[in-house]
2 protein chains.
Amino acid sequence: MAYELWYWPDIPGRGEFVRLAMEAMGLDYDDCARRMGAEALIADLAARRGRTPFAAPYLASEGLVVAQVPNILMFLGERHGIVPSGMRDRLWLNQIQLTITDIVAEVHAVHHPIATGDYYEDQRAEAIRAATQFRDERLPKFLDWFDAAIRDTPGDWLIDHHWTYADTSLFQLVAGLRYMFPQRMATLEPDYPAIIRLHDAVAALPGVRAYLRSDRRLPFNEDGIFRHYLELDAA
Amino acid sequence: MAYELWYWPDIPGRGEFVRLAMEAMGLDYDDCARRMGAEALIADLAARRGRTPFAAPYLASEGLVVAQVPNILMFLGERHGIVPSGMRDRLWLNQIQLTITDIVAEVHAVHHPIATGDYYEDQRAEAIRAATQFRDERLPKFLDWFDAAIRDTPGDWLIDHHWTYADTSLFQLVAGLRYMFPQRMATLEPDYPAIIRLHDAVAALPGVRAYLRSDRRLPFNEDGIFRHYLELDAA
């Protein structure tokens with residue numbers, strides 16, 4: 001079956017967590033706004049009636065519309081059998097994904113501490129202050145937790161011996177953090193070998209490897225969640 | 001069966017979304033840190049091994065530990081049969097809860113725009129700027145969406161003719177917003193009769209009504225998520 005994915009066409013953003021999981025799973029999808037432009041996304045969202053998404057990304061398939069990244073991933077994972085079937089593992093997987101969602105929101109808040117609707121340049125001084133606490137306290141706290149999560153189970157993945165969407169999401173988080181905080185990540189990475197091993201293993205999954213080499217993979221840029229501003233990074 | 005709920009004892013905070021659902025469901029639970037203090041929570045979290053929560057609240061029951069509010073609520077709802085059984089409804093319910101999670105995070109960021117670990121007084125000027133955009137743009141956008149979500153289904157609840165944890169969570173959101181932004185909410189509420197009707201219907205649920213009158217219900221205060229600072233509110 002084919003899916004319609006709707007997300008802003010010029011940034012990896014939150015949509016990338018969905019794209020990566022679908023590519024790893026080998027699913028066929030139409031990245032609609034990449035093909036038709038941001039105006040098409042705005043028009044599609046405005047035209048929907050009944051149980052509409054609050055925001056992109058959302059996935060449409062056979063009359064079903066699913067929004068919110070952890071919800072989309074749970075849906076895809078269950079439908080295509082890449083998540084564990086036991087209740088404990090399903091809850092743990094969702095818990096990991098929600099924690100990734102939390103740090104992603106915090107990363108965005110670093111460069112937009114005052115107002116999501118205003119320009120970075122209008123909140124640059126505040127972002128510099130926000131980045132300090134994020135780099136020094138929040139980032140290691142999250143990395144500690146993800147590292148322990150990997151080491152708590154047998155195998156190199158977050159859950160047992162097979163990758164799930166939490167692994168592809170953690171890959172994207174690491175890639176984004178390296179883009180946004182290259183100096184800080186260079187300092188921290190030696191402390192987290194399990195996370196880096198997992199990142200590399202995701203990049204080597206056949207579907208992901210092909211995707212990363214394709215023009216479907218959008219580069220990070222300064223309109224997305226992970227933005228490289230020199231003044232926000234430090235070792 | 002009895003549950004152990006672990007959350008900070010002096011604030012409603014994120015724990016309140018769990019408490020309200022459990023009270024509405026008539027579940028027996030031990031609010032451990034209310035009984036034993038914050039030190040007991042810190043000690044409990046530090047002593048856990050394997051698949052530990054990133055942060056409170058978390059629920060422990062029969063060796064299972066579940067963290068992240070939308071995850072805890074999904075677990076309780078499924079286990080006790082108060083969520084719809086169809087896939088579409090389950091995904092929609094989770095989507096609503098994740099959107100409530102998003103606005104709750106934005107509310108917290110209003111009074112802590114720079115650093116969650118610093119005092120409000122050290123980021124007061126920035127909070128005043130953040131509050132303006134939240135009150136004028138983000139808050140109506142979220143309320144529009146919740147209002148449409150209620151009106152999209154038959155009945156006065158978020159899903160069909162029975163309350164779920166999304167309803168008790170929306171109740172708490174409205175209560176918190178009224179506490180934090182009394183002037184702004186007085187201006188906006190007439191535009192959202194469906195939300196107010198749902199709030200009142202949740203307050204009238206037998207389990208919730210009894211809870212709200214008990215000393216188990218913690219008042220909002222200036223250490224929690226919803227804080228009343230005069231300078232952050234305006235009509």
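**Cavities in the predicted model**

Five residues, the largest share of the lining of the largest cavity, come from α5(B). The model is predicted, so local features need pLDDT of at least 70 and side-chain atom pairs count only at pLDDT 80 or more, while totals for chains, interfaces and linings use all residues. Residues are numbered from 1 along each chain as its sequence is written, chains are lettered from A in the order in which they are written, and side-chain values use heavy atoms, with hydrogens and water left out.

A cavity is a set of points, on a 1 Å grid over the protein atoms alone, where a 1.4 Å probe fits but cannot get out, and its lining residues have an atom within 4 Å of a point. By this rule there are four cavities of 30 Å³ or more, a volume being the space filled by probe spheres set on the points.

The largest cavity holds about 110 Å³ of space. Two or more lining residues are given by each of α4 (69-79) of chain A, α4 (69-79) of chain B and α5 (87-111) of chain B; helices here are DSSP runs (H or I, at least four residues) numbered from the N terminus. Among the lining residues are A:Phe75, B:Leu91 and B:Tyr165. By class, the lining has eight nonpolar, one polar and three charged residues, with Ala, Val, Leu, Ile, Met, Phe, Trp, Tyr, Cys and Pro counted as nonpolar, Asp, Glu, Lys and Arg as charged, and the others as polar.

The second largest cavity has a volume of about 40 Å³, and its lining includes A:Val83, A:Tyr165 and B:Met74. Here α5(A) gives the largest share, three residues. This lining has five nonpolar, one polar and two charged residues.

Technical notes
On a 1 Å grid over the protein atoms alone, a cavity is a set of points where a 1.4 Å probe fits but cannot get out, and a pocket is an open set with protein on both sides within 12 Å along at least five of seven lines; lining residues have an atom within 4 Å of a point.
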